[in-house]
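The sequence and the structure are shown first.

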Amino acid sequence: MEPRSPLPSRREFLGDVGLAGAAFTIVPGHVLGGRGRTAPSDTLNVACIGVGGMGASDVRGMRGENIYALCDVDTKSARESVQAFPGAKFYRDFREMLDREAGSIDAVTVSTPDHTHAVAAIAALRAGKPVYCQKPLARTIGEVRAMADAARQAGVPTVMGNQGHAGEGIRLIREWVDAGLIGTVREVHFWTNRPIWPQAIERPTEMHHVPAHLDWDLWLGPAADRPYHPAYAPFRWRGWWDFGTGAFGDMACHIMDAAYWTLGLRYPARVDVESTAVFDETGPRASRVDFAFPAREGRPAVTLVWRDGGLLPPAPPEVAERSAWPPAEDGGQLWIGSEGKLIAGTYGQEPRLLDPARRAQVEAEPLPQRFPRLESVYAEFAAAVKGGPEPGSNFPGYAAPFTEMILLGNLAVRMGRSLEVEPETGRITNVEVPRAWVQPDYRAGWRI
């Protein structure tokens with residue numbers, strides 16, 4: 001295929017991002033090997049798609065391997081990663097990168113805005129490459145299912161970047177709940193301070209020049225064409241339905257993870273919603289979404305309650321001081337069982353039993369560890385690519401159905417009404433959802 005945009009030379013790249021004079025003579029340690037280093041023959045050649053912002057964090061997360069190629073439509077956002085890994089090849093178009101480098105790449109990370117997760121991840125999977133993809137898995141349910149199908153067909157390791165799933169906190173929560181330390185769980189509450197970007201706004205109409213460092217056509221990718229505006233990029237895209245999934249889609253893959261895994265959930269039977277004003281193109285400023293799950297596989301019915309935009313659940317009676325609630329301003333979770341309660345942070349970190357006697361009991365005699373403790377989600381992914389166990393948040397078995405459940409909540413928010421759902425299939429039965437909200441139309445030149 002014809003290249004979409006030429007690869008910038010190193011000199012052009014440095015001039016583009018204002019780094020003229022920076023030295024690119026460092027040889028990465030993993031290339032040399034040596035004491036305490038992994039030998040080159042044992043490292044993976046990793047290609048990273050989307051390497052600014054959270055993408056830069058994901059690139060760093062894979063630094064124990066060989067960062068072979070970097071790809072980003074915005075050379076300014078890519079600056080940190082290019083500086084950190086000067087030996088990596090640089091591309092603007094992931095399609096060109098995969099065409100040229102497929103024979104040399106062992107694994108791919110995808111850390112783009114939500115609307116390009118599916119096209120990038122599926123392209124890599126069809127090239128036979130294991131994929132790590134940021135959360136949420138995709139922007140729409142149709143794309144999520146396509147990614148799960150592509151992963152099954154490729155037969156390679158996959159993992160979604162809900163980092164807490166590989167962490168100590170989520171494993172501890174499951175061990176406590178499975179051991180009955182808070183009794184039967186029938187209700188779990190979640191909250192986040194997101195959105196920390198603009199939502200509940202209309203499409204801007206004033207004109208802006210596209211910055212020289214940004215390829216706007218590539219940034220839009222499969223999304224419908226529209227003029228560039230700083231209201232969308234580089235960070236504010238999350239609140240726009242054409243590009244992101246709002247506060248709920250952004251954070252629920254973290255905060256609801258422990259409950260979805262521990263309680264063995266799938267699809268809800270009903271989704272109820274209330275929110276501030278609903279806009280056509282952006283998410284609301286604040287919302288509450290209630291998921292009613294039926295009894296399943298020996299577990300009773302359970303309700304999950306989501307709040308964003310600064311909304312909080314009432315402080316439980318066990319929290320005596322009002323100033324102590326919420327325990328974390330950015331977000332968290334409250335589990336309510338028949339015999340006690342527990343709280344934890346956004347990623348399941350620092351779980352704490354609220355009953356003093358139970359807390360003292362587990363501190364004095366910790367439960368046996370039933371689930372392995374992992375170094376990180378990145379180490380889990382790399383180990384799987386090298387022949388180790390399948391990651392816990394793999395696309396077909398976990399990340400896809402989990403993301404689908406969350407996207408059902410977003411559909412309820414967008415429609416401003418309750419949804420009735422078939423718990424076995426996820427099919428909405430009481431209202432017809434616009435097709436493009438489930439399976440979007442792509443611009444010419446883009447496909448999954």
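This is a predicted model: local features need pLDDT of at least 70, side-chain atom pairs count only at pLDDT 80 or more; totals for chains, interfaces and linings use all residues.

Helix H5 spans residues 94–101 and is mostly covered, with 6 of its 8 residues buried. The buried positions are Phe 94, Arg 95, Glu 96, Met 97, Leu 98 and Glu 101. Several elements contribute to the cover over these residues, including the strands S1 (45–49), S2 (66–71), S3 (89–91) and S4 (107–110). Helices H6 (117–126) and H9 (216–220) are also among the elements that cover the buried residues of H5.

**Salt bridges**

Over the whole structure, the search finds 26 salt bridges.

| Pair | N to O distance |
|---|---|
| Glu 65 – Lys 386 | 3.1 Å |
| Asp 178 – Arg 299 | 3.2 Å |
| Asp 178 – Arg 370 | 2.9 Å |

In the pair formed by Glu 65 and Lys 386, the side chains meet at 3.1 Å. Glu 65 counts as buried because its relative accessibility is 8%, under the 20% cut-off. Lys 386, at 45% relative accessibility, counts as partly exposed.

Asp 178 also forms a salt bridge with Arg 299, with the closest N and O atoms 3.2 Å apart. Since Asp 178 belongs to helix H8 (residues 168–178) and Arg 299 to the loop between strand S9 (287–293) and strand S10 (302–307), the pair ties together parts 121 residues apart in sequence. Asp 178 is partly exposed, with a relative accessible area of 31%, and Arg 299 is likewise partly exposed at 28%.

A further partner of Asp 178 is Arg 370, whose side chain meets that of Asp 178 at 2.9 Å. This pair links distant parts of the chain, as Arg 370 lies in the loop between helix H12 (356–364) and H13, 192 residues from Asp 178 in helix H8. Arg 370 counts as exposed because its relative accessibility is 52%, over the 50% cut-off. Through shared partners, salt bridges join Arg 174, Asp 178, Arg 299 and Arg 370 into one network.

Notes: Residues are numbered from 1 along each chain as its sequence is written. Side-chain values use heavy atoms; hydrogens and water are left out. Buried means under 20% relative accessible area, exposed over 50%, partly exposed in between (1.4 Å probe, protein chains only). Helices (H or I, at least four residues) and strands (E, at least two) are DSSP runs, numbered from the N terminus. Contact means heavy atoms within 4.5 Å. A salt bridge is a side-chain nitrogen of Lys or Arg within 4 Å of a carboxyl oxygen of Asp or Glu.
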